[in-house]
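Please open the model in your viewer, show it as a cartoon, and keep the selection tool at hand.

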Amino acid sequence: MTGTTPALPLLPGAHLLSVEELGAQHISGLLDLAESYVDLNRQVAKKRDLLRGRTMINLFYESSTRTQSSFELAGKRLGADVMNMSVGQSSVKKGETLIDTAMTLNAMRPDILVIRHADSGAAALLSRKVACSVINAGDGSHEHPSQALLDALTIRRRFGRIEGLTIAICGDILHSRVARSNILLLTKMGAHVRLVAPRTLLPRDIARLGVEIFNRMEEGLAGADVVMMLRLQLERMTGSFLPSTREFFHLYGLDHKKLALAKPGALVMHPGPMNRGVEIDSAVADDTERSLIQEQVEMGVAVRMAILDALSRQLSNSKGGTP
Ligand code: CP
């Protein structure tokens, strides 16, 4: 499938900023393309020259293990020159603004800028300032589109479909860009999405996204095909959201006893990094029969290769090679 030209564009434009802007046909097309990269990544020879001559910059203002390393591997496996910008050692430390930093990098004529930033809307803002394609690798509590795509690929490979599945997303929904992107993607693809969280960790008006809300795991997990746990984002909590992490684990932490409330054989996901013993018990996280966590990481590289492949098609179609 690699290198074939699909009938419909895989992305709505020159950037990947959110799941909100994607249609079901974009999502299906990207997942189909990613399948071919799963196969490629399992071979000894993983390299292609699709992005030969292209320059990709990873600009991460927040820490990352999975997203940054998988975008780097994805770019390198497709033949791009990849630069990881060390924000901590850059002129950001001297007070240079996001826009000035981006414009400086833009002057070096990259083709793709992958950005993670603590502010919601940062990636969209940059996309209006620079001449290259921008990929949102997580902006505040807004969106993390490549995470939702890799989660969807993981689910689709296990169940053969997304439509009709019941997926319970549990924990710190309020601060989670992963939750938001997953809600948007999974509902677009026809899944029944449930949110399970204490009231303090649910955004106001979230039900308008077409999800069911539960405040108790006993009710929210009943009959679920997939239980997706989220990291408790203590670093984003300025007020009092929880009595204690111990109490949180007691009520909302996923252990085998609570998992037994879901459908028999229900599968467990977590975007990582995990707080073991806070939102998930190690015995569940490491249960290879039930946990898809390592598979999610593997799918992350394939999905990011598919995103870069899709963007390269847009780049090739635009005048002068950059949008
Ligand atoms: N899931 C995720 O975004 O992980 P990282 O913060 O390690 O990139």
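Helices (H or I, at least four residues) and strands (E, at least two) are DSSP runs, numbered from the N terminus. This is a predicted model, in which local features need pLDDT of at least 70 and side-chain atom pairs count only at pLDDT 80 or more, while totals for chains, interfaces and linings use all residues. Residues are numbered from 1 along each chain as its sequence is written, and side-chain values use heavy atoms, with hydrogens and water left out.

**The whole chain**

Along the principal axes, its C-alpha atoms fill a box of roughly 55 × 45 × 35 Å. Of the 323 residues, 54% are buried, where buried means under 20% relative accessible area, exposed means over 50%, and partly exposed lies in between (1.4 Å probe, protein chains only).

Select D205 next, in the loop between β6 (192-196) and β7 (212-214). This residue has a positive phi of about 70 degrees although it is not a glycine, and its relative accessible area of 54% makes D205 exposed.

Now move to R109, in the loop between α3 (98-106) and β3 (112-117). R109 is not a glycine, yet it has a positive phi of about 60 degrees, and it counts as exposed because its relative accessibility is 65%.

Then select P273, in the loop between β9 (267-269) and α10 (282-285), and look at the peptide bond that leads from G272 to P273, which is cis, with omega near -5 degrees.

**A pair of helices**

Two packed helices are described by the angle between their axes and the distance between the axes. Select α5 (residues 145-159) and α6 (residues 177-188), which pack at an angle of about 55 degrees with their axes 8 Å apart; axes are lines fitted to C-alpha atoms, for helices over the stretch in contact, and angles run from 0 to 180 degrees between N-to-C directions.

α5 and α6 are therefore oblique to each other, since angles under 35 degrees count as roughly parallel, over 145 as roughly antiparallel, 65 to 115 as roughly perpendicular and the rest as oblique.

Which residues make the contact? Show the side chains of P145, Q147, A148, L149, D151, A152 and I155 on α5, and of V178, S181, N182, L185 and L186 on α6, where contact means heavy atoms within 4.5 Å.
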